[in-house]
Amino acid sequence: MRTAMLKSIRSSLQKSSSTAAGCRSYSSESAPERKVAILGAAGGIGQPLSLLMKLNPLVSSLSLYDIAGTPGVAADVSHINTRSEVVGYMGDENLGKALEGADLVIIPAGVPRKPGMTRDDLFNINAGIVKGLCTAIAKYCPHALVNMISNPVNSTVPIASEVFKKAGTYDEKRLFGVTTLDVVRAKTFYAGKAKAPVAGVNVPVVGGHAGITILPLFSQATPQANNFSDEEIVALTKRTQDGGTEVVEAKAGKGSATLSMAYAGAIFADACLKGLNGVPDVVECSFVQSNVTELPFFASKVRLGKNGVEEVLGLGPLNDYEKQGLEALLPELKSSIEKGITFANKS
């Protein structure tokens, strides 16, 4: 039973949620050597994410970093009988060692949201953490793909871009805001309402990664359920936008959406690794530098390849409700982006 469960988890991680059915999967024997570094590995998201990345056969070296507690997490995860070698690094003085040679850096570092906490509260703490980590990335692994999980993503991705620009290492194709949890939620909630098998459901989610900036495009969902009322679509949209708050309140001060975020982070990281390895037609939604709207960053479908972003895909046809949602989110998303850029350029 345990073996069957492990195979199931591995299989899930090997299938990016939007990857074409014909994509070739790599076995551990044929996969290239890939080092993945997780910054914030001892935290609420970092620990389950470390576990899930240890299960991914595309990872040959797993580098776990945090300011404290990492040796224990690394020792625990290293006992799992999968391909990757695991090393834990602790403290500022070891950040460079953790990053050297990384192909992919995942950043869940920072504080989680608690009841009553605004995204401004998160920004005030996490912005500085992200700035410091990205300064180190620019120095020690400037060509790595960077997956930003630390909230607020709408601001932390612009912070990272400015840090990399100052260092002369910025490549817009290699910086991603991880919005996969919005897609995961939209799929789950839609499938439940449509009474459809969730494994076959896909829902693109565009915009940003906070509140009304999250815009699920249920008109483009597959398979399409034509019997939803306008009220039901509004409710599904609202629930997708407020998914994080739903978990924070349910945990009653004891945490945030750490487990589902770790799962979503692992799914997106797997897609990035597949792209690096040349698997064709790997498509995921992500918050990236974009010309889809007038804003410099926007989440939409992205085709992943050997250099990161291969193509930023358009929004496709929107219905009237989605057009209204797009117009409503743009000012808030613009403000969050500008806030990140201003912070990064303060010093």
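Guide: Start with Thr-237, which is buried, at a relative accessible area of 3%. (Buried means under 20% relative accessible area, exposed over 50%, and partly exposed in between, with a 1.4 Å probe and protein chains only.) This is a predicted model: local features need pLDDT of at least 70, side-chain atom pairs count only at pLDDT 80 or more, and totals for chains, interfaces and linings use all residues. Residues are numbered from 1 along each chain as its sequence is written, and side-chain values use heavy atoms, leaving out hydrogens and water.

Thr-237 sits in helix H8, residues 230-241. (Helices, H or I of at least four residues, and strands, E of at least two, are DSSP runs numbered from the N terminus.) The Thr-237 side chain reaches the backbone oxygen of Ile-233 at 2.8 Å. (A polar contact is a pair of N or O atoms within 3.5 Å; within protein, one must be able to donate a hydrogen and the other to accept it, and residues adjacent in sequence count only if both atoms are side-chain atoms.) Leaving out residues up to four places away in sequence, Thr-237 touches Pro-216, Phe-218 and Tyr-321. (Contact means heavy atoms within 4.5 Å.) Thr-70 is 167 residues from Thr-237 in sequence and 38 Å from it in space, C-alpha to C-alpha.

The loop between strand E8 (214-216) and H8 holds Pro-223. The peptide bond from Thr-222 to Pro-223 is cis, with omega near -5 degrees. A cis bond also joins Asn-151 and Pro-152, with omega about -5 degrees. Pro-152 belongs to the loop between strand E5 (145-148) and H6.

Next, H6 itself. The axes of helix H5 (residues 119-140) and helix H6 (residues 153-167) come within 9 Å and cross at roughly 35 degrees. (Axes are lines fitted to C-alpha atoms, for helices over the stretch in contact; angles run from 0 to 180 degrees between N-to-C directions.) H5 passes H6 in a right-handed crossing. (That is, the near helix is turned clockwise from the far one by less than a right angle; anticlockwise is left-handed.) Residues of H5 that meet H6 include Phe-123, Ala-127, Val-130 and Cys-134. On the H6 side, they include Ile-159, Ala-160, Val-163 and Phe-164.

Now a buried charge. Lys-35 is in strand E1, residues 35-39. Lys-35 is buried yet has no salt bridge; Glu-100, the nearest side chain of opposite charge, is 6.4 Å away. (A salt bridge is a side-chain nitrogen of Lys or Arg within 4 Å of a carboxyl oxygen of Asp or Glu; Lys and Arg count as positive, Asp and Glu as negative, while His and the chain ends are not counted.) The Lys-35 side chain does reach backbone oxygens: that of Glu-100 at 2.5 Å and that of Ala-98 at 3.2 Å. Beyond its neighbours within four places in sequence, the contacts of Lys-35 include Ser-60, Ser-61, Ser-63, Gly-101 and Asp-103.

Seven of the nine residues of helix H2 (residues 46-54) are buried, so H2 is largely enclosed by the rest of the structure. Among the buried residues of H2 are Pro-48, Leu-49, Leu-52, Met-53 and Lys-54.

Last, two backbone checks. Lys-195 has phi near 55 degrees, a positive value in a residue other than glycine. Lys-195 lies in the loop between helix H7 (180-194) and strand E7 (205-207). At 76% relative accessibility, Lys-195 is exposed. Asp-281 also has a positive phi, near 55 degrees. Asp-281 lies in the loop between helix H10 (258-276) and strand E9 (282-289). Asp-281 is partly exposed, at 40%.
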